[in-house]
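Work through the exercises below with the sequence and the 3D structure at hand. Each task is followed by a solution in steps.

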Amino acid sequence: MRSAIVLSLLLWLVGCAPPAPGARAQEDAWSGRIALQVQAQAQSEGQGQAAQAFSAMFELHGNADSGGLVLLNPLGQRLAQLDWKDGHAQLHSGQETRSSDSLDALLQDLTGAGIIPVAALFSWLKGIQATATGWQADLSGIADGRISARRDDPAATLRIALTR
């Protein structure tokens, strides 16, 4: 269960219910499908950690400082909702709610590692190449609404397909 929540979170940040007409007209917003694969990694005591993969539909709005992410299953049912603003972040998943002082801190708490480069992701969605420690983004498909990024340690692949 925790793995599903963590992967859901990692799959990225999109928040709240769908916006009312004109409510977020001035705000950046994206929707589509997101997939994250984190490769298995060896641990110090000889036991490995299993590879994890997750995919979902998403709705994302805002920026790295203030915004929200909703993750949906293929039938459009809400899996998780993540909101962040003014140095506070909150994750709602099923009956569970988790809070933290910041989005990065919440992701760190849930995953034990900063898996998703939040600030860089918002730049990538705008087609702007941004630096994120350990990540290499491929924006060559942005005209077709496709973004991919790789990380070597721990090995992870993030893929986004935006809807038109």
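**Exercise 1: contacts and the core**

I160 touches R33, I34, F58, L121, L125, G145, R146 and I147, leaving aside residues up to four places away in sequence. Contact here means heavy atoms within 4.5 Å. The model is predicted: local features need pLDDT of at least 70 and side-chain atom pairs count only at pLDDT 80 or more, while totals for chains, interfaces and linings use all residues. Residues are numbered from 1 along each chain as its sequence is written, and side-chain values use heavy atoms, with hydrogens and water left out.

Task: Which residues touch the most other members of the largest nonpolar core?

Solution.
Step 1. A nonpolar core is a set of buried Ala, Val, Leu, Ile, Met, Phe, Trp, Tyr and Cys residues joined through side-chain atoms within 4.5 Å. Buried means under 20% relative accessible area, exposed over 50%, and partly exposed in between (1.4 Å probe, protein chains only).
Step 2. The largest such core has 36 residues, and F58, W124 and I160 touch the most other members.
Step 3. Helix 3 gives the most to this core, with six residues.

**Exercise 2: helix 3**

Task: Which residues of helix 3 are buried?

Solution.
Step 1. Helices (H or I, at least four residues) and strands (E, at least two) are DSSP runs, numbered from the N terminus. Helix 3 covers residues 118-125.
Step 2. The buried residues are V118, A120, L121, F122, W124 and L125.
Step 3. That is six of the eight residues, so helix 3 is largely enclosed by the rest of the structure.
Step 4. Just after the helix, G127 takes a positive phi of about 80 degrees.

**Exercise 3: the sheet and strand 5**

Task: In what order do the nine strands of the open sheet lie, and where do the residues of strand 5 point?

Solution.
Step 1. Two strands pair if DSSP finds at least two bridges between them. The order is 8-7-6-5-4-1-11-10-9, with antiparallel pairing.
Step 2. Strand 8 (96-100) and strand 9 (135-138) are the edge strands, each pairing on one side only.
Step 3. Strand 5 pairs with strand 4 (residues 52-62) in the antiparallel sense over six bridges, and G67 is the bridge partner of G62. Four residues lie between these two strands, which form a hairpin.
Step 4. Strand 5 also pairs with strand 6 (residues 78-85), antiparallel and over six bridges; here V70 stands opposite Q81. This hairpin has five residues between its strands, and G76 in the turn has a positive phi of about 85 degrees.
Step 5. From strand 5, G67, L69 and L71 point one way and G68, V70 and L72 the other way. Six of the six residues (67-72) are buried, so strand 5 is largely enclosed by the rest of the structure.

**Exercise 4: a salt bridge**

Task: Which side chains meet in a salt bridge, and where in the chain do the two residues lie?

Solution.
Step 1. A salt bridge is a side-chain nitrogen of Lys or Arg within 4 Å of a carboxyl oxygen of Asp or Glu. By this rule the count is one.
Step 2. The side chains are those of D28 and K126, at 3.0 Å from N to O.
Step 3. D28 lies in the loop between helix 1 (2-10) and strand 1 (29-38), and K126 in the loop between helix 3 and strand 9, 98 residues apart.
Step 4. D28 is partly exposed at 33% relative accessibility, and K126 is partly exposed at 48%.
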